[in-house]
Amino acid sequence: MGTESSERAGALARLATERVDARFKGLPPDAAGLTVGELTAERRNLFTGGFTTPVLTLSAEHLTHNLELMETYATRHGLSFAPHGKTSMAPQLFQRQLDHGAWGITLAVPHQVRVAREFGIQRVFLANELVDPSALRWIAAELTADPDFRFVCYVDSVRGVELMDAALMGAGARPLDVVVELGAGEGARTGVRMEAECAAVADAVAATGTLRLVGVAGYEGEVPDSDPERVRAWLRRLVALTADFDKAGRFADTSVEEIVVSAGGSAWFDAVADVFAEIPELSLPVLKLLRSGAYVSHDDGHYREITPFNRVPEEGALEPAFRLWTQVVSRPSPEQAFANAGKRDAAYDLDLPFAQVVRREGAAERPATGISVTGLSDQHAWLRTAPGADLEVGDWLGLGLSHPCTSFDKWQLIPLTEADGTVVDYIRTFF
């Protein structure tokens, strides 16, 4: 094991020494004072081991399946993979993604980079502009202290380049690698809107001694009125811009060893694979970097509907790994019930949770037939029950969720659970 791998393993191992206490929702009260490692070793059962509701779980089997599927997909299509870590902000999952072939981890803001570095992540792609002087000086210090640390971030304006250069001037670090972000269109998010402006930003980078242009990137998920044709057209603009930059000698710095071309959220990575396969031979090897993040847990709502695997079923299918367990606490009428999980516990920005299964003490788990979630309060789920729906106060209700990013961030310690309810690990998040 190399030095970096050893340091990363040591940092992950220290997570197991953290004491279980009231910060961590849903864990057994009698586990207070145990270390996470000690609680893991007990292999408690979620349903009989003293866990309290609400409690969010991750399926161990589905998580493994998703990791393996995306590793296979990226390899099959000749893509490098830097999954977006903002989804989970869980270093244990970062490590598993690296173990499954990831080139590195994509992140969005400086705090997330600091977390990644605390856990020894050696390659970070920051899919965002970075102009904060304190954060830039910290990155410069990391680059100086660790010659093997690779960091790449976006630039999309001459002003941004000037701010970066001013912050890094005199830091003494090797040049910070940047990619010009091509915007997805008018009204989209960040990124340069037109190719001529991209050239001006690239010229500004070349005029500094603190930055090094290594490629082009963007996010096809922001293409207005997106459909396969529009997304592929924008991706071809990205590829053409890369080729134009290369022809103009913008990557001629003798220290640049590869040209980075990056795109790929969780909705259109099939289009990214298709268009990146069309990248012509350039003056240097090309790092084709895919950044999808939601795949790690997938979901039962938004991402289930938009995943590219729906368009290419022969490539496989992701499996939803989240289940939020809540308990029915009130049944005021035959048409209505309330459970004790709400906005503090469940994602609700894209879709409400989905009632999936019911568990009653002494009975087998069964489908939540005739039960639906109609609203969320802070700590209650509003349930509509159809005539004949079998639901009682005290029942545990398993909910599927929509949107991984706003599910992970509500839980600091998430039980990783096998199909029979055995908890085999606890996933620590850092939001």
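A polar contact is a pair of N or O atoms within 3.5 Å; within protein, one atom must be able to donate a hydrogen and the other to accept it, and residues adjacent in sequence count only if both atoms are side-chain atoms. The model is predicted: local features need pLDDT of at least 70 and side-chain atom pairs count only at pLDDT 80 or more, while totals for chains, interfaces and linings use all residues. Residues are numbered from 1 along each chain as its sequence is written, and side-chain values use heavy atoms, with hydrogens and water left out.

**N-terminal cap of helix α6.** Asp132 caps the N-terminal end of α6, with a side-chain oxygen 3.1 Å from the backbone nitrogen of Ser134. Helices (H or I, at least four residues) and strands (E, at least two) are DSSP runs, numbered from the N terminus.

**Buried side of helix α6.** Ala135, Leu136, Ile139, Ala140, Glu142 and Leu143 are the buried residues of α6 (buried means under 20% relative accessible area, exposed over 50%, partly exposed in between; 1.4 Å probe, protein chains only). These residues cover an arc of only 160 degrees around the axis, so they sit on the same side of α6 (the arc is taken over the directions from the helix axis to the C-beta atoms). An α-helix has 3.6 residues a turn, so residues three or four places apart point the same way. The cover over the buried residues of α6 includes α5 (110-118), β5 (150-155), α7 (158-168) and β6 (176-181), where contact means heavy atoms within 4.5 Å.

**Helix α5 and the residue after it.** The buried residues of α5 are Gln112, Val113, Val115, Ala116 and Arg117. Among the elements that cover these residues are α4 (91-99), β3 (105-107), β4 (123-129), α6 and β5. Just after α5, Gly120 has a positive phi of about 75 degrees.

**The parallel sheet.** An open sheet is formed by 8 strands in the order β2-β9-β8-β7-β6-β5-β4-β3, with parallel pairing (two strands pair if DSSP finds at least two bridges between them). Strands β2 (80-81) and β3 are the edge strands, each pairing on one side only. Within the sheet, β7 (residues 211-217) and β8 (residues 259-263) pair in the parallel sense over 3 bridges. Gly215 has Val260 in β8 as its bridge partner.

**Salt bridge between Glu18 and Arg428.** The closest N and O atoms of Glu18 and Arg428 are 2.9 Å apart, forming a salt bridge (a side-chain nitrogen of Lys or Arg within 4 Å of a carboxyl oxygen of Asp or Glu). Glu18 lies in the loop between α1 (3-15) and α2 (36-42) and Arg428 in strand β18 (residues 423-428), so the pair ties together parts that are 410 residues apart in sequence. Both Glu18 and Arg428 are buried.

Arg19 and Glu38 meet through their side chains in a salt bridge of 3.9 Å, N to O. Arg19 lies in the loop between α1 and α2, and Glu38 in helix α2, so this pair links parts 19 residues apart in sequence. Arg19 is partly exposed, at 46% relative accessible area, and Glu38 is partly exposed at 38%. Arg23 and Asp21 form a salt bridge of 2.9 Å, N to O; Arg23 is partly exposed at 39% and Asp21 partly exposed at 32%. The salt-bridge count comes to 29.
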